[in-house]
Amino acid sequence: MEEPTFAEIKRPYLMDGMIFGNCSSGAAFANYYAYSYSRDEGYQLLRSLHIDFSDEDQIIYTECLYKDGELINTLETKENLRQNDFWKNYMDPTGGYLWQ
């Protein structure tokens, strides 16, 4: 597997053995990424979270789960996934990183 350059991740951070990053495409969309890294396996995308703010009354959260570089599950919901068991450890309620 080719290692990512993180060109699309504006501010990668290493925390708890994972690398987190985010990017946006204007005010209407935000994307968050979680990668693991090991010398044997290189970088592995674990999860991504896409938030669509284009309709204030209907914010849509899409979370993708990956295993061995392959997409294994996608969840699309109106529930605030920033507060689920995984993302809440790394993001504050406004969607920023806790350590910024």
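1. Starting with the fold: the protein has 6 strands and 0 helices. Running from the N terminus, the order of elements is simply β-β-β-β-β-β. Keep in mind that this is a predicted model.

2. On the overall numbers, 36% of the 100 residues in the protein count as buried. The accessible surface is about 6400 Å², and carbon and sulfur atoms make up 47% of that. As for contacts with a separation of 6 or more, 28% of them are between residues 24 or more positions apart.

3. Have a look at Asn 31, which sits in strand S3, residues 29-38. Its relative accessible area is 14%, and the cut-off for buried is under 20%, so Asn 31 goes down as buried. Which residue does its side chain pair up with in a polar contact? That would be His 50, with 2.5 Å for the contact between the two side chains.

4. His 50 also turns up in the list of residues that Asn 31 touches, alongside Gly 21, Asn 22, Cys 23 and Leu 49. That list skips anything up to four places away in sequence.

5. Next, Ser 48, over in strand S4, which covers residues 42-52. Ser 48 comes out at 10% relative accessibility, so this one is buried too.

6. What does Ser 48 contact, once neighbours within four places in sequence are set aside? The list has Tyr 32, Tyr 33 and Tyr 66, plus Thr 62, Glu 63, Cys 64 and Trp 87. Two of these, Tyr 32 and Tyr 33, fall within strand S3, the strand that holds Asn 31.

Conventions
Residues numbered from 1 in each chain as written. Predicted model: local features only at pLDDT ≥ 70, side-chain atom pairs only at ≥ 80, totals over all residues. Heavy atoms only, no water. Helix = DSSP H or I, 4+ residues; strand = E, 2+ residues; numbered from the N terminus. Buried < 20%, exposed > 50% of the residue type's maximum accessible area, 1.4 Å probe, protein only. Polar contact = N/O pair within 3.5 Å; in protein donor to acceptor, adjacent residues only side chain to side chain. Contact = heavy atoms within 4.5 Å. Areas by Shrake-Rupley, 256 points an atom, 1.4 Å probe, with all protein chains shown as cover.
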